[in-house]
Every structure is written in structure tokens, then in C-alpha cells.
Amino acid sequence: MKKVSVECRNIRMSYGKTEVLKDINITIEPGEFFALLGPSGSGKSTLLRLIAGFNQHQSGQLLVDGQDISHVPPHKRNIGMVFQSYALWPHMTVWDNVAFGLVERRASREDIRQKVTQALETVGLLHLAKRRPNELSGGQQQRVALARTIVIEPQVLLLDEPLSNLDKNLRVQMRQELLSLQRRLGITTIFVTHDQEEAMTTADRMAVMDQGVVQQVGSPSTLYDFPVNRFVADFVGTMNMLPGQVTRREAGQLTLAVDGLGEVDLPTAVDTPEHNALVLSFRPHSVVIQPEGDQIDRRYLWLPGIVERSEFLGEFTRYEVRVGEQKVTADQSHFAGLSIFPPGVGVSVGLEPSQVRLLPQ
Ligand SMILES: Nc1ncnc2c1ncn2[C@@H]1O[C@H](COP(=O)(O)OP(=O)(O)OP(=O)(O)O)[C@@H](O)[C@H]1O
């Protein structure tokens with residue numbers, strides 16, 4: 001099967017007077033497993049339904065394999081969608097549910113037999129073909145919904161929160177199954193999720209959305225390591241964020257007066273924003289803490305602090321440390337014999353300059 005790209009160009013869509021998709025520009029590469037990630041109400045489902053043809057944009061273009069399909073009706077798009085609710089027909093057997101799309105397309109009896117068998121084999125459910133949906137587990141129903149969609153051999157597969165109805169353990173197992181199925185079929189797949197772990201562990205690339213705007217597109221590690229703004233930094237993982245004002249800027253370096261803390265000298269990078277109001281940000285695990293007064297490693301940037309809370313979580317200890325009027329979360333790997341600083345202890349908090357990001361406020 002030919003792998004196709006999906007491209008959203010300057011797409012805008014409103015419900016009445018409310019604009020819910022604001023100038024969306026995304027290119028999904030042929031064969032990619034692409035996630036739309038964002039909080040509730042950010043416009044993910046609206047965009048997915050628009051690609052399927054159930055929503056119509058007011059301006060912009062939607063291209064599949066380079067062809068503008070903006071005005072092609074849903075049933076002529078060759079796009080398959082799996083709904084969050086699975087939407088299986090309760091009165092039909094698994095076999096009939098999967099065969100439905102082919103029957104509608106007036107496929108021959110032999111074609112239906114072969115394709116349904118193959119689709120059910122692909123999702124490992126051929127042995128349950130005679131059951132009805134209410135005789136299946138959540139994970140099995142989800143696989144029937146997938147089989148019913150892939151049987152019509154769509155060029156693009158859309159999944160709306162495909163795992164949200166499953167319990168935690170099954171969700172972890174099913175996301176691996178989903179990924180290996182997608183890899184086998186090589187079908188360009190777009191899935192919607194509000195679960196960052198789900199997106200990070202499966203997607204080749206993802207778009208983080210907020211309030212109808214794509215905030216950033218990239219691989220999970222790019223978004224984690226190089227978020228472009230506070231929203232992405234906070235939505236993908238946990239981030240310490242200390243806001244401040246630039247008081248001096250030179251080639252390769254600036255001084256930031258951090259609110260409630262004082263001036264800190266920081267290296268700048270090519271992508272350091274020009275703004276004067278910046279946020280000093282860093283991940284909890286990139287911080288080192290040591291007792292105050294201990295010899296310090298000069299490669300780090302040190303801030304004096306006091307431990308306010310320590311939570312021993314086995315693999316690591318999570319500290320809340322007060323630095324000036326700010327709070328910093330620091331995760332320290334744990335090893336047998338390593339002592340845990342109790343609340344009230346004075347510590348030095350070390351930031352490795354290469355792990356610090358300066359973001360616009
Ligand atoms: N049929 C509709 N009529 C009017 N407004 C709508 C309609 N459907 C969605 N909206 C609004 O559009 C915005 C985007 O909704 P959408 O369902 O796309 O968000 P989402 O990111 O998929 O959220 P969730 O994760 O909760 O499904 C929301 O503000 C929502 O209230």
C-alpha cells in the first residue's frame with residue numbers, strides 16, 4: 001500500500017463565532033505515527049474529525065498525498081477512523097462488525113471472507129469472530145474497532161483517544177500492540193491523546209495543542225529537551241520555572257534577575273529569546289543538591305536553598321527546596337546507603353548550564 005502524507009495548511013475552523021482551530025500548519029510524513037497532544041478543549045478531536053471529513057474548515061487546505069481533499073465527502077476520503085467509544089454494533093457478531101464496511105462497498109463474498117479473516121488475524125481475534133461485542137473485554141472490543149477500520153485498507157488511520165476506555169495495565173499493553181500493528185501496516189496514523197506518557201512512548205512525532213493553536217511540533221525528545229514555551233515545557237514532563245528580567249546581555253551570556261532570588265549569570269544559546277522577561281527553566285532530575293558548605297563543582301550554577309519537603313520514592317527522592325522566595329523541585333537518584341536530607345537542612349542547589357532553558361514569559 002502506498003504511504004501518504006497529510007498536510008494541514010493555514011486551517012481555521014469556528015463553531016459559530018468561536019474559533020476553535022487557529023491557523024493550523026502541520027505536515028505528517030508518509031507512514032508516520034503522529035500524536036495530537038493537548039488538554040481537554042484544545043481542539044484535538046475537532047482537528048481529527050476535520051481530517052476525517054466530519055468537520056468543515058472555513059479556510060485553509062487539507063492535503064493527503066499532495067491532493068487538496070478539503071471538499072471531498074468523508075466516505076470518499078479513504079481515511080479510517082476509530083472512535084473513542086469504539087462504536088461497535090451490539091447486535092452484530094465480531095465478524096459482521098468487521099465485514100460491515102466491505103458489505104457497504106459491495107465487495108464480493110470471497111473478497112469479504114479473505115479480508116475479514118486477514119484483519120481479524122492481524123489483531124489476533126479470529127477465534128472470537130462469532131462473539132458479540134458485549135461478550136468481549138475492553139481491549140478486545142478496541143481491537144475489533146481497529147480491525148473494522150483497517151479492513152477497508154484506508155490510506156490514513158485516525159484514532160481518537162484509542163486507549164482511554166481501558167484500565168492502566170491494559171493501556172500500556174495495548175499501546176505497544178497498536179504501535180507494532182501500525183509498524184507492520186506502515187499506514188500513516190494520527191492519534192489524539194491528552195496523556196503525555198502515551199504520546200511520548202509511541203509517537204514518532206507529535207503536535208502539542210492549546211486553545212486551538214499548535215504550540216510545537218517535534219519528536220518526543222525534542223519537545224521534552226527543547227520546549228519553545230512555558231505551556232509545552234509544563235505539559236510535556238515537569239519543569240521548574242523561575243521568572244525574571246534580563247539586566248545585562250552580552251555575546252553568549254546574560255544576567256537574569258530572578259524574581260525573589262537575585263541575579264544569576266547564564267549562558268545563552270542561538271535560540272534564546274530576545275525578550276527581556278524570561279523564565280529560567282530546568283527539569284527536576286537535572287538538578288544536583290548537596291549539603292551547604294560542601295565543596296562545589298564550578299561547572300554548575302549554584303543556588304543556596306533550604307529543604308522544605310523530601311519524598312522518598314524508591315528509585316529517587318523528590319525534594320522541594322526553597323531558594324530565595326522560589327521553590328525548586330529536585331529529583332535525586334537513590335542508591336542504598338545514600339542519606340536523605342530532611343526538611344530544614346541547608347543545601348546548595350546545582351544547575352548544569354547545558355540543561356537550563358530560557359523561555360519567554
Ligand atoms: N459541536 C460543537 N459546537 C460548539 N463548540 C464545540 C463543538 N465541539 C467542540 N466544541 C468546542 O471546541 C473546542 C475544542 O473541542 P475539542 O473537542 O476539539 O477539544 P479536545 O482537545 O478534543 O478536548 P477533549 O480532550 O476534551 O476531547 C472546545 O472549546 C469545545 O467546547
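Two residues are in contact here if their C-beta atoms, placed from the backbone, lie within 7 Å. Keep in mind throughout that this is a predicted model.

**Stop 1: Thr193**

Select residues 188-193, which form strand 8, and pick out Thr193 within that strand. Which residues does Thr193 touch, not counting those up to four places away in sequence? Show Ala35, Leu37, Glu161, Glu198 and Ala199 to see them.

Is Thr193 buried or exposed? Thr193 counts as buried because 24 C-beta neighbours lie inside 10 Å, and the cut-off for buried is 20 or more.

**Stop 2: Val98 and the nonpolar core**

Move to Val98. Leaving aside neighbours within four places in sequence, Val98 is in contact with Val116, Ala119, Leu120, Val144, Ala147, Arg148 and Val151. Val98 and Ala147 are the residues with the most contacts inside the largest nonpolar core, a set of 85 residues. Domain 1 (6-233) and domain 2 (238-360) each supply at least three residues to this core.

**Stop 3: the two domains**

Colour residues 6-233 as domain 1 and residues 238-360 as domain 2. How far apart are the centres of domain 1 and domain 2? Taken over C-alpha atoms, 40 Å separate them. Where the domains meet, 4 residues of domain 1 and 7 residues of domain 2 take part in the contact. On the domain 1 side, the residues that touch domain 2 are 2 nonpolar, 1 polar and 1 charged.

**Stop 4: the annotated span**

Select residues 6-236 next. An unreviewed UniProt entry places the feature "domain: ABC transporter" on this span.

**Stop 5: the whole chain**

Zoom out and show the protein chain as a cartoon. There are 8 helices and 20 strands to find. Along the principal axes, the C-alpha atoms fill a box of roughly 80 × 50 × 35 Å.

Colour by burial to finish: of the 361 residues in the protein chain, 34% are buried. Among contacts with a separation of 6 or more, 64% are between residues 24 or more positions apart.

Notes:
Residues numbered from 1 in each chain as written. Predicted model: local features only at pLDDT ≥ 70, side-chain atom pairs only at ≥ 80, totals over all residues. Helix = DSSP H or I, 4+ residues; strand = E, 2+ residues; numbered from the N terminus. Buried ≥ 20, exposed ≤ 12 C-beta atoms within 10 Å, placed from the backbone. UniProt positions renumbered as here; feature names shortened; annotations may be inferred. Core = buried A, V, L, I, M, F, W, Y, C linked by C-beta atoms within 7 Å. Domains from an automatic or database assignment. Nonpolar A, V, L, I, M, F, W, Y, C, P; charged D, E, K, R; others polar.
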